[in-house]
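This report looks at how side chains meet inside one protein model. Please keep the sequence and the structure in view while reading.

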Amino acid sequence: MRTPFTTLKAWFKDGVRLIESGNQHQRHYVDASDPSALDFETRKKALLNDPEGLVLLAYGKSFTLAHSFNRFGGTLYRPEDKVVCLLGLHDSAVPFEVDVKSLPEEVETITPSFDAIWECESIAELKALEVPEKITRGTENDHQLSACSVLFMPPWAGEATLDFEPVDPTPEEELSLALILHLKEAAEAFNTAHENDENPVDSLVWMNFASRFLWLNFKETIEKANLIFAQNDPEAREFTSQRIKQCIASPVTATSALGNPTGGANTLIQLTSEISKFAESNARSNALRVKELEKADEKKNRLGKWIQHGNKLMLLNMMSDDGITAATEFPDALKQLMNAESLGLMGKHFQWQLAQHGLNDIHISESALRQIYYGEIFSISPGVIKGLSPFAFSESAESQANQSEELTMLHIADSTCTTKSLDDIKSAHHKDLIKVPSTYYELIEALEVMQVCLKIYIGATTQPYIQFTKFLSELKDIKSQLIEMAKNDSQLFAKVAHSQNLLFLHFAKECSICESREDVNERFLDYSSIIFDIKSGRFNIDLPGQFRVFKPTAAPRPPTGPPNRNEDDDEPKEPKEKKRKVTNSAQYAPFKLHENENFHNTFTGREKTKSCPHLNGKPMCRRWNILGNCFSTCGMKCNHVPESQIPEQNKTEFGAWMTYCRQTSGSA
């Protein structure tokens, strides 16, 4: 049972510690705050279903913390829908009705990059930032932001915001910038505290969105949240009283706070100012309603947003019928996909379109569907498997359950190189499985599905479809030779599919960078080299790191002894090792941190973690090698070895990796 508290602030600070698991899902808070990622009803449910959550509402250049959202009405007998939240975190709070129709007032605009904001050390530097006049190709996601008046905060950010006390005097219009600097320190502290977790979480995922949101709020680009003072509403007043009694030990109701000259004087002054501001906001909201109706059709058009990812040039060049002039519009089937208002609707459209071509039992993987939903229909980074590819589809769940004992499964390992057993993968939902062809028939089936997709979304008279059809026909002609070669190479069929896909992605990249269709080099659509190498017996490539071979694991034996006892004796199990600091007394000198160099800013981050060299099957521990200390519970403690036990090759690779980190962070 929760301990009674004397203020709402203390109650919420205790609450965010109880929901620490929420920090594992930083991306969920970004999607909830991004109008282009989730539909309005889903985001509305997130507000109402999180009683211990804190939400930051934009208010001009400033902001306010809202909490305890509750809904009245919305039923058959009472259809009017009223949402109330509370403002105030001391011994009282005041109810305000939320005009929920004003919350999805979406703004799509340009911001400085997250890196530029992150490098700022003062409010003056943040104020001096400017948006780029022109965005270079490939950096759209660094500068474009879709936001509205609501910012959902993960537990660590909520706790940090509760502790936010700006330096006096900080003008109200600069509070958003001051909060950026405060959250920056909290994010660094969070990452440092969790960097040795088995599955470390990067707080910068949320900070990327939040810092740009707050910068836009300072610029008054984001529309204010429309709140209506509801103290005179009996339902809102009763809800406020019950909520305070639930949270704190000696509650003072909102009514008594407003009438108490000793405890509520400051509150009354603040509310008088806020009510005046909200009245002004209400007047503006009427004009915004008209604007909202005019933009209704535009909001539903996801295609307009989707082509900002650089796909427009690529697809129109691909869809050329004569190889000279680019197409001028997209096929209706593709428009139907991209205009889908949610990921689920896009999936239904996709399955229906495949079924129209006789592919009723084929399912697209959830990860591939999500990538397409966000604009990555084809990867323009050859070697990275995204969107539509021969590896994006699978059959029904029943066929997945009847796989052979040794299969090649496409599985993307996380930053700690942890993988899943085949049994774990089979137990998952079939949409989460991405199966690589392991037989001749699976290869042909995967390529035939890809052929249908090219026909639907690119066109049957285009070169990509024509050359792909020719390649598929030639593969069928050498069926017996492929099957014979596979006896000596179990991964042959995966390699053939990957070879074709690799050439196709090179062609996609060409189409994405050539302003004129005539300049596109079509040599990547010539798959004859693959056929020639197979016929001559010389075909062989290395699969990228995304491919893993998994075998079924034996089911664990059920425990036979009493709880907390070993199977073979009556001795209690050894207690779990406690976390303690360990020191690298034989640290390799070239690895040591430079003077005035910041370890976290220079050597941490998702991309840097993924590229860190490995030793003993795991990434080399950065704390151990660079800082000279770590902890006994570190997930990479198998690499806690002295200088003499680090091979020369690993020393060279780790040194080169450190140089790369310093160059990318600007500390070289």
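Is Tyr440 buried or exposed? In this predicted model, Tyr440 is buried, with a relative accessible area of 7%, whereas Tyr441 is exposed, with a relative accessible area of 56%. The two residues form an aromatic pair of the edge-to-face kind, with 5.5 Å from centre to centre and 80 degrees between the planes.

**Aromatic side chains**

The structure holds 15 aromatic pairs. In the pair made by Phe114 and Trp118, the ring centres are 5.5 Å apart and the planes stand at 50 degrees, so this pair is tilted. Both residues belong to helix α4 (residues 114-119), where, being four residues apart, they are separated by about one helical turn. Phe114 counts as buried at 10% relative accessibility, and Trp118 is buried as well, with a relative accessible area of 14%. Over the face of Trp118 lies Lys184, at 5.5 Å from the ring centre.

Elsewhere, one aromatic cluster is formed by Tyr588, Phe591, Phe599, Phe603, Phe654 and Trp657. Lys651 lies over the face of Tyr588, at 4.6 Å from the ring centre.

**Salt bridges**

Side chains of opposite charge can pair when their charged atoms come close. A search of the whole structure finds 14 salt bridges, including those in this table.

| Salt bridge | N to O distance |
|---|---|
| Lys82 and Asp233 | 2.6 Å |
| Lys82 and Glu235 | 3.2 Å |
| Lys127 and Glu174 | 2.9 Å |

Lys127 lies in helix α5 (residues 123-128) and Glu174 in the loop between α7 (155-162) and α8 (175-194), so their pair ties together parts that are 47 residues apart in sequence. Lys127 counts as partly exposed at 36% relative accessibility, while Glu174, at 14%, counts as buried. Lys82 is buried, with a relative accessible area of 13%, and Asp233 counts as buried at 18%, but Glu235 is partly exposed, with a relative accessible area of 27%.

**Nonpolar cores**

The largest nonpolar core has 78 residues, and those with the most contacts inside it are Leu56, Trp206, Met207 and Phe213. Apart from this core lies another, of 72 residues, which includes Leu337, Met346, Ile377 and Phe493. Leaving aside neighbours within four places in sequence, Leu56 is in contact with several residues, among them Phe63, Leu65, Val150, Met153 and Phe213.

Technical notes:
Residues are numbered from 1 along each chain as its sequence is written. This is a predicted model: local features need pLDDT of at least 70, side-chain atom pairs count only at pLDDT 80 or more; totals for chains, interfaces and linings use all residues. Side-chain values use heavy atoms; hydrogens and water are left out. A nonpolar core is a set of buried Ala, Val, Leu, Ile, Met, Phe, Trp, Tyr and Cys residues joined through side-chain atoms within 4.5 Å. Buried means under 20% relative accessible area, exposed over 50%, partly exposed in between (1.4 Å probe, protein chains only). Contact means heavy atoms within 4.5 Å. Rings of Phe, Tyr and Trp (its six-membered ring) pair if their centres lie within 6.5 Å; planes under 30 degrees apart count as stacked, over 60 as edge-to-face and the rest as tilted. Helices (H or I, at least four residues) and strands (E, at least two) are DSSP runs, numbered from the N terminus. A charge sits over a ring if NZ of Lys or CZ of Arg is within 6 Å of the ring centre and within 35 degrees of the ring normal. A salt bridge is a side-chain nitrogen of Lys or Arg within 4 Å of a carboxyl oxygen of Asp or Glu.
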